[in-house]
Amino acid sequence: ILMVDEKGKNMKCLTFFLMLPETVKNRSKKSSKKGNSSSSSNSKLPPVCYEIITLKTKKKKKMAADIFPRKKPANTNTTAVQQYHQQNINNNNTIPAPNWQGLYPTIRERNAVMFNNDLMADVHFVVGPPGGTQRLPGHKYVLAVGSSVFHAMFYGELAEDKDEIRIPDVEPAAFLAMLKYIYCDEIDLAADTVLATLYAAKKYIVPHLARACVNFLETSLSAKNACVLLSQSCLFEEPDLTQRCWEVIDAQAELALKSEGFCDIDFQTLESILRRETLNAKEIVVFEAALNWAEVECQRQELTATIENKRKVLGKALYLIRIPTMALDDFANGAAQSGILTLNETNDIFLWYTAAKKPELQFVSKPRKGLVPQRCHRFQSCAYRSNQWRYRGRCDSIQFAVDKRVFIAGFGLYGSSCGSAEYSAKIELKRQGVILGQNLSKYFSDGSSNTFPVWFEYPVQIEPDTFYTASVILDGNELSYFGQEGMTEVQCGKVTVQFQCSSDSTNGTGVQGGQIPELIFYA
């Protein structure tokens, strides 16, 4: 018997009464064979023929997400589901179906329907600067659960009961990205809005979203955006991101200083870069970058970009440029003719280059230390033979991977084993077939077994745990030394480098022996 309530809907218990008639019949026959034939007490059998079986099972409770795994709704509901998703994007205030909740099996999905949805909204935000605002709906309970700032705003002691809140300092796209995280538990970041999203996450204390923004910025960090991110990381007080920015700026200083983003930094960041001791760049490049920044700063301050105004916006930062450390040609053809220096400053610097008694200068006259390159040597010995190692335009190649971000500045190559000789070298660095850096240059070998550096024009950024291909095509008449007893893994300082053979190698170079004995890098 299945026991339910009066309406026949809710099951109260599941009990089955089972009567066993065969048991009664058998027991009657057995009792009749016994001697007690007329006893009235024996004519009535005890009710042992009834057994009560209760069908109950103990199962672990499951959440809705376990019972209803995420899958596409039935064809009849597909249009409705797509309609709600589109409504979230466009905020078109479409009236939902009476039973829209039934389309979504989990609380997370049902909560996500409320994202950017006017349905049951009890607050609205006018987001963005004047002239670029967007009105976005919100639900106080959901927002308070996701942010302590919203909790204080709506339910704290000083809460104000406002139906509309203006937020002029946050971009609408960034605010929507934050709302999407709070409502949907989804992180949707884009390169052009991630900084604004980080600002919103910091302002409303949404730490996990802020951490995701920082991770996004770190993975997309390059010489092109390092200066801008340095400025922002200081503003947002993100020391890890700041350190990563400095690593890129130091190693790829000339690329960073020539980037468009350098002109967008604030004055404080400009001073910190010009003061940097480990900046790996020629001083003439630093000087030209400072002038480019001054020209853009004049535009920001609505000043005519004259020499006087450029010097005015640079202020004392001009003296952080180490003009006396420039090569004399760079100074004579560049800084001396730029007009940014006074006549007295120009004369004093010329005397600094030439006179035995040097004048006192306001400019820093000590050269920057720059970065000291590290060398990863992958062979334990080298040798030469009468018929090896020969070139004539064939490719020597090896693959490598590192466990930390480094910047490959060049390769160390073997030279002639038959006296002094000159080689032409085309070096190349690739990742999955894409060329990241290449250079064509010559180097002179003195006949020793030493390695000779060949440099890229700019250091190439290498990400960890990914194999890159280092290649060189040498052209020279003389045979050279070659490495042997190669190692598959080399520990160089705090960096571990792994090597494996490359299919691009057509001249015999591999892990065990050949050319490209050294990787030269900054770490």
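## Contacts, sheets and rings in a predicted model

The side chain of Ser502 reaches the backbone nitrogen of Asp504 at 3.1 Å, a polar contact, that is, a pair of N or O atoms within 3.5 Å in which, within protein, one must be able to donate a hydrogen and the other to accept it, while residues adjacent in sequence count only if both atoms are side-chain atoms. The model is a predicted one, in which local features need pLDDT of at least 70 and side-chain atom pairs count only at pLDDT 80 or more, whereas totals for chains, interfaces and linings use all residues. Residues are numbered from 1 along each chain as its sequence is written, and side-chain values use heavy atoms, with hydrogens and water left out.

Ser502 is found in the loop between strand 17 (495-501) and strand 18 (518-522); helices (H or I, at least four residues) and strands (E, at least two) are DSSP runs, numbered from the N terminus. Ser502 counts as buried because its relative accessibility is 9%, where buried means under 20% relative accessible area, exposed over 50%, and partly exposed in between, with a 1.4 Å probe and protein chains only. Leaving aside residues up to four places away in sequence, Ser502 touches Ser397, Ile398, Gln399 and Thr469, a contact being heavy atoms within 4.5 Å.

Arg275 and Ala317 are 42 residues apart in sequence, and their C-alpha atoms are 8.6 Å apart in space.

Strand 4 (residues 123-127) pairs with strand 5 in the antiparallel sense over 5 bridges, and the bridge partner of Val123 in strand 5 is Gly138.

An open sheet of 6 strands has antiparallel pairing and the order 12-11-14-9-17-16. Strand 12 (434-445) and strand 16 (489-492) are its edge strands, each of which pairs on one side only, and the twist from one strand to the next averages 25 degrees. Strand 11 (residues 421-431) and strand 14 (residues 468-475) run antiparallel and are joined by 7 bridges; in strand 14, Ser471 is the bridge partner of Glu428.

Which residues of helix 8 (residues 194-203) are buried? They are Val194, Ala196, Thr197, Leu198, Ala200 and Ala201, and these buried residues pack against helix 7 (172-184) and helix 9 (207-219). Ile205, in the loop between helix 8 and helix 9, has a positive phi near 50 degrees although it is a residue other than glycine, and Ile205 is partly exposed, with a relative accessible area of 48%. Met120, also not a glycine, has a positive phi of about 65 degrees; Met120 lies in the loop between helix 4 (107-113) and strand 4, and at 58% relative accessibility Met120 counts as exposed.

### Aromatic pairs

The count comes to 18 aromatic pairs, where rings of Phe, Tyr and Trp (its six-membered ring) pair if their centres lie within 6.5 Å, and planes under 30 degrees apart count as stacked, over 60 as edge-to-face and the rest as tilted. The table shows two examples.

| Pair | Centre to centre | Angle between planes | Type |
|---|---|---|---|
| Phe175 and Tyr204 | 6.0 Å | 75 degrees | edge-to-face |
| Tyr319 and Phe363 | 5.0 Å | 55 degrees | tilted |

Phe175 lies in helix 7 and Tyr204 in the loop between helix 8 and helix 9, so the pair ties together parts that are 29 residues apart in sequence. Phe175 and Tyr204 are both buried, and they belong to one aromatic cluster together with Phe125, Phe150 and Phe154. Tyr319 and Phe363 are buried as well.

How values were computed:
Pairing = 2+ DSSP bridges. Axes fitted to C-alpha atoms, helices over the stretch in contact; angles between N-to-C directions.
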